[in-house]
Amino acid sequence: MKVSCTVNGDAVELEATPDEALLDVLRRQLDLRSVRPTCGIGVCGACTALVDGEPVSTCLLLAPLAEGREITTVEGLGGDHPLQRAFVESRAFQCGYCTPGMILSAKRLLEENPSPSAHEIADFLSGNLCRCGCYLKIVDAVTRAAA
Amino acid sequence: MADPRVTGAARYAEDVQLPGMLHARIVRSPYAHARVLSVDASAAGEDVVVLAPDDVRGLRRYGCQIKDQAVLALDRARFAGDPVAAVAAATPQLARAAADLVEVAYEELEAIFDPVEAAEPDAPLVHDTAAISDNDAAYFDLRPQSGTNICHRFRIRHGDPETGFDEADVIVDETFQTAGAQHVHMEPHAALARWEDGRLELWTGTQTPFNLREDLAGIFGIAPEEIRIHCPPMGGAFGAKTFVRIEAIVAALARKANRPVRCVLERSEEWLTLNRHPAVIRVKVGARADGTLVAKRVWCWADTGGYADCGPGVAQKMGFAAPGPYRIPHVWVDSRAVYTNLAPNGAFRGYGQMQCVWSSELAMDLLAERLGLDALEFRLRNVLREGDRYCTGEEMHDVHFADCLEAAARGIGWHDDARGKGLAVVMKGMQTPSRAGIAIERDGDRFVVRCATAEMGQGARRAISLLAADLLGVDVARVRFPDPDTHLVPYDTRTTSSRSTYVMGLALERAVGDLREHGERGYGEIEIPGGLDPDTGQGVASHHWHQAAAGAEVRVDEETGKVEVVRLHAAVYAGRVVNRAGAELQNEGSMIMGLGTALLERIDHADGHITNANLSDYEIPSFADVPPLTHDLLEREGGEIHGLGETALPPVPAAVGNAVASLGLRVRELPISAEAVLAAVDEREGVRA
């Protein structure tokens, strides 16, 4: 079936089966590799995309439900977004696998709360796991981006 | 240019694609131990390529230390999850559907899951023989015990402990346990194989490209040079991406299909691929009334699962670090790697050290308490100092255990009030012996580093590039470090044991000197000698020792058994810091992973089946689990570079355990569960009543 939606500002028509996760469709058809398959059950946040501005685990979102929605992946931020700069300046990643999801969740946080405390950042991002354990520097990066 | 890790441009092994490639799925044994009677794939469909035991019967066995593994379980499946067949189809969905249609007939056999029972002479055997591998990962003398499940036995024989214990006023004799754990590297194992004219080309996230190449060459009976391995950066590894994992199956499928084949594991399969060794460790240690240690004996059982993998090496390193960084006149250690019918256990950040630190450092606090001594003072009275000889006979140099302990104690305010606080110290060996080569090529006004060191997030590429830039006297932006490719990079032992920055740094000095002499390309090599006699433990265990201590402060809810770490501090000897931000990240990451080990992570089993193979039931630390956490990098002018990839992990669980113990709550098993804490409360109250 066809799914019409906006991805990183472009109107696109995705081809998907009704049981396919948006994660797989974004990776396969649009080569958006920043949404990453990891836990497969919506607990790790590595496949996060913003759907109408809200962080969503795309491994759990069936592709047909993206119809008419606006989807943003980290590729859509361009590379010079304040959060991307702050993550680099704070050295807030190691392997980088979870980083796109972290940045997108943090983007939503800063829209809701432009100057969050360290505790609020940790609380909001607790659905994004980082096995390298960069948590302290991620909090630092989000604080830096908010400043 | 922005870092690819923040723009989405980063590419890992799972992202590599080739035209016409097929997708693989592995068919696994549902039994922990079973004879494989037949494999019938006739229902899988004509478009599906099936790899069955008969397809791989002619291929040779492999194993980095013991050759105990075939590409598929041929006649016997040795753990629940052992690959018995594999399929390749046009899409991952089709491959999954086809795998479900493969019918395998089994005859269930008696299985064994406890490493202490499995080491007994009458235990059912997981393997009939143990052929020692010719892979250079079998770098030490292996001692499989014929007719038993012990695939390696390592001993230290230093002095005579019985004489020593006669001099002791207080002796502690306790048995400790640690649970199996999953690495949970965020990027799953992924490999892509292609054959052309009898030559194999492979893209895989691996820490051990040359060991992998050697084992694959053995399996397929071709020269190592006919295999080319490309190593994209890994989305985390922590020891899991070592030696042969899924590469042999993927390569065998690609050869049969005559097309490229890729396999990306599902998350649940990671628990069936490689985990951390569960261990049982008995520690008997004695001291005089004045607090001088006199004798120690340690018995380790490292459960290596259904295949040895590098379990022999883990048991050896667990054994040789188990005495701890103390002056002890009489030390005997008996450490064994034992087969059981669990999924294979292998390299895991800390490599056997966490298990022996947990056991030995908890025993030290028990001893201090019975002697009526402060746990810090007791350690400082016995700790190894510059020029001391360790129980292996090697002379210790650049020794900073006391500095680490004092810094860890300061970091948690030990001297204000030690209640609810705990300390632990670690000595961690670096791969010894080992060899590393590196080349530098001139490319216009830039330089290219040819180096097998794999990037898995630890920042090795950055650190080595910084070292190269420094030696060349150029800005680091002019140094390029492409992904390792075994056709283009010199031999290196492997990216493990926190050795790469140090050994590659030494090799680089030679390579840059050679470049100055020869103009276009410079090559440098370093060989680190050493090793131990496995029967006596004498020799050189580690060219230099990684050293750290941790301090933890806890709050325990004695109604619920919940342990809350309220402060955590680690002090790690770094020698010379190359990349400060990277060094800090490695310390913080190690400490956080150590907290997971201390409080959260345990692989659960029922009849050999893993019951929590998902990230909902198996919890790893999230933002919400990180307490106030600080650390020191201890530096010394002119000091050697010390790798920092692991050192801060092993002392963290023991520091937390000793903090809990300071409240009179004796927990002997990791992770520290609420149930165990409640039982310890009962035990304490029972003693008082």
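User: Happy to dig in! What pattern does chain A follow, read along the sequence?

Analyst: In this predicted model, chain A runs β-β-α-β-β-β-α-α-α-α. That corresponds to 5 helices and 5 strands.

User: What makes chain A count as a compact globule?

Analyst: Good one. For 147 residues, a compact globule would have a radius of gyration near 15 Å, and chain A has 15 Å, so the value agrees with the rule. The C-alpha atoms fill a box of roughly 45 × 25 × 20 Å along the principal axes.

User: How many of the residues of chain A count as buried, and what puts a residue in that class?

Analyst: A residue is called buried because 20 or more other C-beta atoms lie within 10 Å of its own. In chain A, 59% of the 147 residues count as buried.

User: Which elements of chain A touch chain B, and what makes two residues a contact?

Analyst: C-beta atoms within 7 Å make a contact, and by that test 39 residues of chain A are in contact with 37 residues of chain B. Helix 2 (82-89), helix 3 (99-112) and helix 5 (135-146) of chain A each give two or more residues to that side. Its residues divide into 22 nonpolar, 11 polar and 6 charged.

User: Which residues touch the most other members of the largest nonpolar core?

Analyst: Those are B:Val87, B:Leu253 and B:Val660, in a core of 272 residues. Helix 10 (residues 353-371) of chain B gives the most to this core, with 10 residues. Apart from it lies another core of 30 residues, including B:Val489 and B:Tyr502.

How values were computed. Residues numbered from 1 in each chain as written. Chains lettered and ligands numbered in written order. Predicted model: local features only at pLDDT ≥ 70, side-chain atom pairs only at ≥ 80, totals over all residues. Helix = DSSP H or I, 4+ residues; strand = E, 2+ residues; numbered from the N terminus. Nonpolar A, V, L, I, M, F, W, Y, C, P; charged D, E, K, R; others polar. Rg over C-alpha atoms; globule rule 2.2 N^0.38 Å. Buried ≥ 20, exposed ≤ 12 C-beta atoms within 10 Å, placed from the backbone. Core = buried A, V, L, I, M, F, W, Y, C linked by C-beta atoms within 7 Å.
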